[in-house]
Amino acid sequence: HKVDPELYKLAKERFVSDLNGTHWLRIATVISLLPITFLLTNAILNYLRISRKMIISRHKQFLIEFTLIIIPTILIFCNHSTSFILFFTLAHILIICLLMGLIGTCN
């Protein structure tokens, strides 16, 4: 199987010429999301353990970590709009924080 050199050259030029690059805010969002969610998760878990004196099982801790770290990371890599990513990631984290606050007051 041989590839036509002219066709390959045209396809390569077309691919390169259609690239628009990315915005600096998207790069900053992608880079900063994982450390921020990791710190937020640890802060929430420590708050619940120390201030609320809650005993968190390994299953609940896994669920909290998955919800606060993995889901926003998946959202940020699955979507292409920076404002969409920021809105849904921050909204997700805010909702989880509010839910964790409600759970902490119920016990």
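This is a predicted model: local features need pLDDT of at least 70, side-chain atom pairs count only at pLDDT 80 or more; totals for chains, interfaces and linings use all residues.
Residues are numbered from 1 along each chain as its sequence is written. Local features need pLDDT of at least 70 and side-chain atom pairs pLDDT 80 or more, while totals for chains, interfaces and linings use all residues, and side-chain values use heavy atoms, without hydrogens or water.

Select residues 5–17, helix α1. Helices here are DSSP runs of H or I with at least four residues, numbered from the N terminus. The 13 residues of α1 reach 18 Å from the first C-alpha to the last, close to the 18 Å expected at 1.5 Å a residue. The number of buried residues in α1 is zero, so this helix lies largely in the open; buried means under 20% relative accessible area, exposed over 50% (1.4 Å probe, protein chains only).

Next, select Ile 44 in helix α2, residues 24–50. Ile 44 counts as buried because its relative accessibility is 10%.

Leu 68 is among the buried residues of α3, as are Ile 64, Thr 67, Ile 69, Pro 72, Thr 73 and Ile 76.

Now select Phe 62, also found in α3, residues 58–78. Phe 62 is exposed because its relative accessible area is 54%.

Finally, select Phe 66. A kink of about 35° in α3 is centred on Phe 66; the bend is the angle between axes fitted to the seven residues ending there and the seven starting there. The end C-alpha atoms of α3 are 28 Å apart, which agrees with the 30 Å its 21 residues should span at 1.5 Å a residue.

Conventions
Helices (H or I, at least four residues) and strands (E, at least two) are DSSP runs, numbered from the N terminus. The expected span of a helix is 1.5 Å times one less than its number of residues.
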